[in-house]
Amino acid sequence: MNLSKTRTLRQKILSAGTWIIGGYFANQIIRLMSNLIMTRLLIPEMFGVMALANVLYVGLHMISDVGLSQSVIQSKRGNEPIFLNTVWTVQIARGVLITLFGWSLALLIYILNKAGIWVGGSVYTDPLLPLIIATISINAIISGFESTKLATANRNLALSKVVLMDLLSQSVSLIVMITWAYFTRSIWALVYGSLIYSLMRSILSHYLLPGLKNEFFWCRQSFSEIFHFGKWVFLTSILGFFSLNGDRILLGGMVDAKTLGFYAIAFFMVSAILDIFSKIYGSVAFPALSEVVRERPQDLKNTYYKFRAPVDALSLFSAGFLFMAGHLLIQVFYDDRYLTAGSMLEILSISLLEIRYGLASQCYIALGKPKLLAPIITVRLIALYALMPLAYTYYGFNGALWVAGGSALFTIPLTVVYKIRYGLFDFKKELFGVPWLIAGVALGMLVSYAANKFIFN
């Protein structure tokens with residue numbers, strides 16, 4: 001019986017993983033096309049302003065996150081209509097609140113700007129920033145109406161239509177952005193593109209995916225379970241926002257829009273790699289690990305390291321390669337205005353060394369212990385906010401860059417401690433990825449040398 005379940009889970013993981021990875025590469029091609037085209041239609045300063053606006057909007061999302069999707073995936077009642085409709089009702093209410101807070105934040109930034117609070121020339125002083133924040137905040141209401149069929153599909157590792165839905169939404173958004181930018185050369189192309197993406201995704205979640213048709217419903221018992229699970233997700237999401245996005249929050253007050261625009265391009269390249277692991281962790285690993293915890297908890301460590309092997313190989317190889325040859329990617333894909341982003345990309349690539357430890361966090365949530373994430377995130381938070389201003393003061397922008405890339409590495413010791421405590425640590429398997437890091441560095445050096453000698457010279 002257990003063997004049958006194992007095979008069934010393995011088949012679901014392989015199918016879901018194939019769709020996620022395939023969808024990821026298709027999505028990244030669309031994102032790269034969008035980025036390359038838009039950087040030729042718009043000026044760097046616009047990307048700096050949009051980067052900060054997006055960070056602040058994402059912050060509103062994360063500091064109000066109560067783990068609704070994770071509750072559906074993790075709970076034994078995750079397939080019950082009463083539970084799902086309660087989740088949907090809470091989700092819509094949350095979306096309305098996020099939009100209202102977004103408008104309030106936009107007004108606050110406007111008032112502070114008029115009062116001369118911000119450092120002159122920083123991104124926060126851009127007159128369009130408040131209006132852009134207010135507009136993209138409408139995304140929260142739109143996204144709030146997304147069907148719980150999305151969470152159910154993730155729970156059951158049935159991701160084919162989810163991936164197709166995302167790609168279709170992304171494609172329509174891209175068409176709108178390019179068309180708008182071509183005729184107006186305006187930052188509003190980026191803003192309206194995000195609204196179209198949210199609208200398409202919300203509509204398609206109801207009509208493309210199979211499952212329960214949502215309706216407004218309130219169940220006190222369901223809400224109590226959601227709240228009990230989500231209170232720790234809420235805390236870690238707040239901490240997570242300030243740690244994962246603190247670089248752009250702080251830099252927004254230190255540098256001008258053009259410099260932050262270059263940083264946004266470099267961050268985009270690194271995030272292309274971060275996103276694939278985020279997708280795999282959230283859409284494949286977490287549902288699979290949750291099923292293992294529910295049915296065969298003794299297999300958790302073995303399942304964890306099966307996921308870790310390919311993660312280690314790709315993340316460490318990418319870190320080594322980009323550290324040595326990241327500037328070449330910028331030279332190849334972008335015009336001369338953006339070459340400054342090359343050295344930024346190389347420094348930011350060191351953050352990829354920490355990715356493989358993020359999978360342990362999914363184990364903690366699957367075990368019903370999301371509270372363990374709070375201390376880990378706090379460590380990164382302290383490192384980032386304590387060291388980045390100091391580094392910028394004494395070593396300038398490059399010093400701040402090293403802190404932005406390396407702050408995640410401070411979390412590794414505590415993650416290892418938790419892994420040992422919960423029986424998830426194997427020293428030999430931890431060393432598996434080291435050769436991949438060396439191979440990435442070696443190839444990066446070789447490619448960089450060859451390109452400089454035979455192409456760019």
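Hi everyone, let's start with helix 15: Gly-358, Leu-359, Ala-360, Ser-361, Gln-362, Cys-363, Tyr-364, Ile-365 and Ala-366 are its buried residues. Buried here means under 20% relative accessible area, with exposed over 50% and partly exposed in between, using a 1.4 Å probe and protein chains only. That makes nine of nine residues, so the helix is mostly covered. Helices are DSSP runs of H or I, at least four residues, numbered from the N terminus.

A quick word on the model: it is predicted, so local features need pLDDT of at least 70 and side-chain atom pairs count only at pLDDT 80 or more, while totals for chains, interfaces and linings use all residues. Residues are numbered from 1 along each chain as its sequence is written, and side-chain values use heavy atoms, leaving out hydrogens and water.

Just past helix 15, Gly-368 has a positive phi of about 80°.

Next, Glu-430 in helix 18, residues 427-430. Is Glu-430 buried or exposed? Buried, with a relative accessible area of 6%. Leaving out residues up to four places away in sequence, Glu-430 touches Tyr-305, Arg-308, Arg-356, Tyr-357, Lys-419 and Phe-425; contact means heavy atoms within 4.5 Å.

Finally, the largest nonpolar core has 110 residues, and Ile-132 and Tyr-263 touch the most other members. Helix 12, residues 257-295, gives the most to this core, with 21 residues. Such a core is a set of buried Ala, Val, Leu, Ile, Met, Phe, Trp, Tyr and Cys residues joined through side-chain atoms within 4.5 Å. A second, separate core has eight residues, including Leu-68 and Val-72.

Conventions
Helices (H or I, at least four residues) and strands (E, at least two) are DSSP runs, numbered from the N terminus.
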